[in-house]
Amino acid sequence: MELVEVKKLQVQLDAFAGKDVYLHLETTNGSYATHFNEGFFNAGAFIRNVVINYELGKVVGESPHRVGLKLPHGWVYAQGITHYEMDEQGRLLLAGHDGSGKLAVALEISETPFSY
Amino acid sequence: MALPEERHVLVVFPHPDDEAFGVSGTISTYIKQGTPVTYACLTLGEMGRNLGNPPFATRESLPEIRKKELQASAEAMGLTDLRMMGLRDKTVEFEEDEKMVGMMAELITELNPSLIITFYPNLSVHPDHEATARAVVRAVRRMKDRPKLHCVAFANNTLEVLGAPDIVHDMSAVRDQKMGAMKAHISQTAWMLEEMEHKLAQGDMDTENWLTQERFYAYRWDQDFEETF
C-alpha cells in the first residue's frame with residue numbers, strides 16, 4: 001500500500017462510480033483493547049460483500065483522510081484513511097494504519113466478491 | 001521435562017499464533033515423545049490488525065501470509081496434522097452454536113484424543129477464544145468417557161477465579177522449537193518478540209519463566225460454566 005495521494009485516489013474512486021460494487025468496511029480497536037486498558041469502551045463495526053452502487057465518491061482532507069460514497073438512498077463513509085492500493089485483482093483497498101502499524105479502519109471496493 | 005503419556009493430543013484454537021506463546025512447547029514435547037498431535041485452527045486470523053506502517057500487507061493479502069506462517073509454525077514444532085477449519089476471524093461466536101459443537105465432536109470422534117487442549121471458558125479474553133472454548137467444553141461434556149481437558153486462561157482475573165495453574169510444563173528442553181513457532185508468526189509477533197528478546201538478553205527471569213513454562217487448568221466440571229447446553 002502507499003500513502004494516499006488525493007488526486008490519484010479520486011480518479012480511482014470515480015472509476016467505480018455508477019457500478020455495482022462489493023463493499024468491505026470495518027473499524028476496529030482490536031479485541032484486546034479492554035484487556036490491556038480495562039476502562040476502554042471497545043466499539044467497532046464490520047460489513048463485507050454487501051453490494052452498493054454509489055453515484056459520487058470523494059476523498060477529502062489532509063491525512064488521515066475521509067472518504068465518502070453517496071448512494072441513491074444513503075451514504076457510506078470512513079475516516080482515518082492513510083493508505084491505498086489498487087491490487088492485482090483490480091480491487092480498490094483503502095486503510096487507516098496507526099503509528100504502530102495497526103489497522104484501525106478499512107474501506108474496500110471490488111467489482112467481484114471478496115473472499116468469504 | 002517428559003510429559004505423561006497420551007494416546008492422541010488434540011489442540012483447538014481459533015487463530016494462527018494462539019498456539020505459539022502458550023502451548024508450542026507442550027506440542028513440541030508430545031511430538032518428540034512420539035505422541036500424535038492434531039492442531040485444529042479455526043480461522044486464518046483474517047482480521048489481524050498488525051499490517052505495518054508502512055504496510056507490508058492488506059486486509060485481503062493477510063490470510064495467505066498467516067496461512068504460510070501457521071504452516072511454518074507447525075513445521076517448527078514438528079507437527080504434521082494441521083487442520084485449517086475455514087471459519088472467519090472474529091465471527092466464530094456468531095456461528096450456530098450446535099454447528100460449532102458438531103465440528104468439535106467430529107474431530108474428537110475421528111481422533112479419539114486422550115487429552116484436549118483449548119482455552120478456558122470465560123477467562124480467555126478474545127470472543128473467538130471464548131466461542132472455541134464453549135464449543136469444545138460442550139462437545140466433551142456430552143461424552144461418556146471424557147478425555148482430559150486442559151485449558152489456557154489469561155484474563156486479568158484468572159488468578160482470582162481459578163487460583164494458580166494446576167499444570168505447569170517446564171519446556172526448557174524445547175526452547176528452540178518454541179522460539180521457532182513464535183518466530184514463524186512474525187507478521188503478528190515481531191514487536192512482542194523484539195521486546196522479549198531484549199529482556200531475555202538482560203537476563204530477565206520473569207520473561208525466561210514466561211517463555212519456558214506453559215500453564216494449564218484442568219477444566220473444572222464441578223464448576224461448569226453453564227448448567228446444560
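**Starting from one asparagine**

Leaving out residues up to four places away in sequence, A:Asn49 touches A:Tyr22, A:Pro113 and A:Phe114, where contact means C-beta atoms, placed from the backbone, within 7 Å. This is a predicted model, with local features needing pLDDT of at least 70, side-chain atom pairs counting only at pLDDT 80 or more, and totals for chains, interfaces and linings using all residues. Residues are numbered from 1 along each chain as its sequence is written, while chains are lettered from A and ligands numbered from 1 in the order in which they are written.

A:Asn49 sits in strand S3 (residues 45–52) of chain A; strands are DSSP runs of E of at least two residues, helices runs of H or I of at least four, numbered from the N terminus. Buried or exposed, then, is A:Asn49? A:Asn49 is exposed, because 12 other C-beta atoms lie within 10 Å (12 or fewer is exposed, 20 or more buried, in between partly exposed). A:Glu108 is 59 residues away from A:Asn49 in sequence, yet their C-alpha atoms are 9.6 Å apart.

Now for where the chains meet: chain A puts in 22 residues and chain B 14 residues. On the chain A side, strands S7 (83–86), S8 (92–97) and S9 (103–110) each give two or more residues.

Over in chain B, the axes of helix H1 (residues 18–32) and helix H6 (residues 175–184) come within 8 Å and cross at roughly 140°; axes are lines fitted to C-alpha atoms over the stretch in contact, with angles from 0 to 180 degrees between N-to-C directions. Among the residues making this contact are B:Phe21 of H1(B) and B:Met182 of H6(B).

Notes:
Contact = placed C-beta atoms within 7 Å.
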